[in-house]
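Subject: Structure handover

Hello,

Here is the structure I said I would pass on. My notes on what was found in it follow below.

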Amino acid sequence: ADISLSKEEEALIEKISSIGDSFFFDENQCIATSLTDDLLISDYGFEESELLFLKTSVIGKYIPENDPPMTRLHVEGTFIYISHTDLVAGSCAALWAAAQSGPAALGAALTALATLVGGPVGTAIGAILGFLGAASLATLCGMIIWAVANGCGIRIGLVAQFPPIVMEYW
């Protein structure tokens with residue numbers, strides 16, 4: 001879904017960004033600022049409602065010290081699972097970019113991923129690539145684009161039936 005901000009909301013984000021140098025993580029890994037309420041109002045032009053938003057929606061919010069693991073790419077049985085997170089910002093983000101360029105680009109990206117990842121995941125990707133033709137790659141391009149837009153992942157696997165490839169959302 002498209003998200004649009006009002007002019008006031010855009011201005012508030014810009015105002016908060018303008019004091020970016022004052023933010024730090026406190027001992028509990030929560031966002032804090034070195035500026036007092038009086039300084040925010042007098043020197044940075046915060047209105048009372050903006051200050052309230054800053055204090056209730058930004059200041060004090062916990063941010064984990066370590067990033068969560070980015071790779072949720074995994075194999076179960078004969079299926080490769082690629083999470084939405086991996087498609088947009090993780091180890092498979094290049095697949096999303098390649099999907100937007102077409103089947104040949106996606107085939108190249110999958111081949112590179114299989115080589116770089118190696119192990120059971122790389123082997124599974126290689127086996128699946130052996131069965132994918134240009135038409136299936138084109139379908140997979142559309143599926144990856146749709147999955148990213150709709151917040152889900154995809155799973156691709158080999159099955160003992162015809163067609164031997166199953167591609168679906170998860």
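This is a predicted model: local features need pLDDT of at least 70, side-chain atom pairs count only at pLDDT 80 or more; totals for chains, interfaces and linings use all residues.

Asp37 sits in helix H2, which covers residues 37-42. With a relative accessible area of 30%, Asp37 is partly exposed. The C-alpha atom of Asp37 is separated by 54 Å from that of Ala108, and these two residues are 71 apart along the chain.

Next, Arg155. This residue is in strand S5, residues 154-158. Is Arg155 buried or exposed? Its relative accessible area is 18%, and the cut-off for buried is under 20%, so Arg155 counts as buried. The side chain of Arg155 makes a polar contact of 2.7 Å with the side chain of Tyr81. Another polar contact, of 2.4 Å, links the side chain of Arg155 to that of Glu168. Not counting residues up to four places away in sequence, Arg155 touches several residues, including Phe79, Val166 and Trp170.

Then the aromatic rings. How many aromatic pairs does a search of the whole structure find? There are two. One of them is formed by Tyr81 and Trp170: the ring centres are 5.2 Å apart and the planes are at 85 degrees, so this pair is edge-to-face. Tyr81 belongs to strand S4 and Trp170 to the segment after strand S6 (165-169), so the pair ties together parts that are 89 residues apart in sequence. Tyr81 is buried, at 12% relative accessible area, whereas Trp170 is partly exposed at 40%.

Trp146 and Tyr169 also form an aromatic pair, which is tilted, with 4.5 Å from centre to centre and 50 degrees between the planes. Trp146 is in helix H8 (residues 134-150) and Tyr169 in strand S6, so this pair ties together parts that are 23 residues apart in sequence. Trp146 is partly exposed, with a relative accessible area of 42%, and Tyr169 is partly exposed as well, at 34%.

The largest cavity has a volume of about 50 Å³. Among the residues that line the largest cavity are Ile80, Leu110, Ile128 and Ile156. Strand S4 (79-82) and helix H7 (119-129) are the elements that give two or more residues to this lining. H7 gives the most, with three residues. What kinds of residue make up the lining of the largest cavity? Nine are nonpolar, with no polar and no charged residues.

Regards

Key:
Residues are numbered from 1 along each chain as its sequence is written. Side-chain values use heavy atoms; hydrogens and water are left out. Helices (H or I, at least four residues) and strands (E, at least two) are DSSP runs, numbered from the N terminus. Buried means under 20% relative accessible area, exposed over 50%, partly exposed in between (1.4 Å probe, protein chains only). A polar contact is a pair of N or O atoms within 3.5 Å; within protein, one must be able to donate a hydrogen and the other to accept it, and residues adjacent in sequence count only if both atoms are side-chain atoms. Contact means heavy atoms within 4.5 Å. On a 1 Å grid over the protein atoms alone, a cavity is a set of points where a 1.4 Å probe fits but cannot get out, and a pocket is an open set with protein on both sides within 12 Å along at least five of seven lines; lining residues have an atom within 4 Å of a point. Grid points are joined across faces, edges and corners, and a volume is the space filled by probe spheres set on the points. Ala, Val, Leu, Ile, Met, Phe, Trp, Tyr, Cys and Pro count as nonpolar, Asp, Glu, Lys and Arg as charged, and the others, Gly among them, as polar. Rings of Phe, Tyr and Trp (its six-membered ring) pair if their centres lie within 6.5 Å; planes under 30 degrees apart count as stacked, over 60 as edge-to-face and the rest as tilted.
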